[in-house]
Amino acid sequence: MANPLFDTLFGDHLGSDAIFLHLPDGETLSYGRFLEIAATYAGAFAQFGLQPGDRVAVQIAKSPQALAVYAACAQSGLVFLPLNTAYTADEVAYFVENSGAGLVLTDTAMRDALKPITDRCNARLETLNRDGTGSFADIAADLPTVFETVNRTSDDLAAFLYTSGTTGRSKGAMLSQGNLLSNAQTLVKEWRFTSDDVLLHALPIFHTHGLFVATNVVLLSGSQMIFMPKLDVDQLIANMPQATTLMGVPTFYTRLLDDARFTKERAQHMRLFVSGSAPLLAETHVQFEQRTGHRILERYGMTETNMNTSNPYDGERRAGTVGFPLPGVELKITDSKTGKSLPQGEIGDIEVRGPNVFQGYWQMPEKTAEELRPDGFFITGDLGQIDADGYVSIVGRNKDLIISGGYNIYPKEVELVLDEQEGVLESAVIGVPHPDFGETVLGILVAQPGQALDLDSIKNRLGASLARFKQPQQLIVLPELPRNTMGKVQKKALREQFAETFAP
Ligand code: MLC
Ligand code: AMP
């Protein structure tokens, strides 16, 4: 096959009149038309002189055009590098520089902020807006609606997704065509996707969940998506009778349950609700079944691996568990110190191996070696346990990570910014339970001797360096941080002390 990813996900849809997207304005976009747009974008990439393997960094609003950029990258053999639209110019600068992107696509509103960065990095900068306008669209508009697919193999890189790191430096997870394709093929089968399906798509498309899980599954099965700009519970409930499936983070499900209009009747046409990216409370699972008669199917994945486990489509979907390893994925629970497998039932590190596991972190061989063993097992940083029936549960994390509404925040990155603020001696950033986001960020500050901290001005200054979702919802000043005898900050004690901060 000339280009496994493009040929398998997109190739069959060339020239097809079948509906791909239902758009918010009531219009639809066919697969065939979508791929014509993608071909013009691929033509523009070629005109820019981009070569297979070059990175295309994309920070643009969720739109059909944004998906067409993904398709165009696949067709041209370029590496698609999507970025959270909430990232500040400072944050984007790192990704552009680190990835060595040849092209950056952004919204017109961000252009001036990014120009100095792309100039410095010798990257080309073009704009593509939510409504399909922009300098990139203007160039593509004059180009042919067919493009000769560039030859690639399944080992070639298809995407970089940056994941934050424990040291505060983000790492570019390199995903091959084969990584993406194998997972999409498995999920279509496991979750029984067919061309009769209509997926409610309200997730962002710059992360694994909304992009590789939701979109690739739809592309591969030739199904349709009701493509919503973001989570809007009104729209979700209104559209549900036309849909068959939903994929969301747990916040989707708690917000639906908080809405009295979300009834069994509304959910009657649906065949599958999938949750992942963060722990779904067993209580949410139970309430959801009581309300709708549906049992949410919880699965577990990550940027580096796509999906690892899933509760069964047929058979018991067990609340509080993430189900079984997917076909082709090996999963073991190991002792963090020795790396040896632990007996069934014990808690340890979750390690996974399979065609879904990434190729390593871009230009970070040491980080790659710390997490990816020579035998191919990836140390996920999650702590888990397997019950007697084989169901995997995630019981904690061996990595200092906060997951707020499905977004990952590494405390170190936030602490580095807090520590720089005027009058701050040191800081500790922790995650505490939050009724809407599952977990949220709390910043604990210690002032320099004799200094009084101006928390409002500190909060205001964070916006320049940190995306809004990473900023602490609350800052608290303590005289000192609790430390153990080794001098290490006792985050567990802080988490316990402040556990009720956002209690309903
Ligand atoms: C938005 N805000 C958040 C936030 N999302 N704050 C903390 N955590 C979040 N997740 C802030 C905004 O900055 C804004 O702040 C305010 O909340 C309202 O913004 P909004 O855009 O209206 O938020 P909302 O639409 O309500 O978004 C919440 C959400 C969204 C949960 C629907 O965050 C979301 O779609 N999350 C999904 C993330 C995701 O796709 N994760 C998958 C990663 S892949 P202010 O102060 O300005 O008002 C992965 C692998 C796997 O993990 O297994 O899937
Ligand atoms: P990311 O780096 O954004 O891909 O996030 C991956 C992390 O999300 C995993 O390592 C887990 O900690 C967490 N995660 C994903 N799915 C689940 C789930 N179903 N339950 C609990 N945690 C999850």
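**Close-ups of two ligand sites in a predicted model**

The shell around ligand 1 holds nine nonpolar, nine polar and four charged residues (nonpolar: Ala, Val, Leu, Ile, Met, Phe, Trp, Tyr, Cys and Pro; charged: Asp, Glu, Lys and Arg; polar: the others, Gly among them). This is a predicted model, where local features need pLDDT of at least 70, side-chain atom pairs count only at pLDDT 80 or more, and totals for chains, interfaces and linings use all residues. Residues are numbered from 1 along each chain as written, chains are lettered from A and ligands numbered from 1 in written order, and side-chain values use heavy atoms, without hydrogens and water.

View 1. For a polar side-chain atom of S277 and a ligand oxygen, the distance is 2.6 Å. G406 places a backbone N or O atom 2.9 Å from a ligand nitrogen. The protein covers 74% of the 1000 Å² accessible area that ligand 1 has on its own (Shrake-Rupley, 1.4 Å probe).

**View 2. The shell of ligand 1**. It counts 22 residues (a heavy atom within 4 Å). β13 (297-302) is among the elements supplying at least two (strands: DSSP E runs of at least two residues).

View 3. The E298 side chain has an N or O atom 2.9 Å from a ligand nitrogen. Backbone N or O atoms contribute too: R299 at 2.7 Å from a nitrogen of ligand 2, T303 at 2.6 Å from an oxygen. The protein covers 92% of the 500 Å² that ligand 2 has on its own.

Methods:
A polar contact is a pair of N or O atoms within 3.5 Å; within protein, one must be able to donate a hydrogen and the other to accept it, and residues adjacent in sequence count only if both atoms are side-chain atoms. Helices (H or I, at least four residues) and strands (E, at least two) are DSSP runs, numbered from the N terminus.
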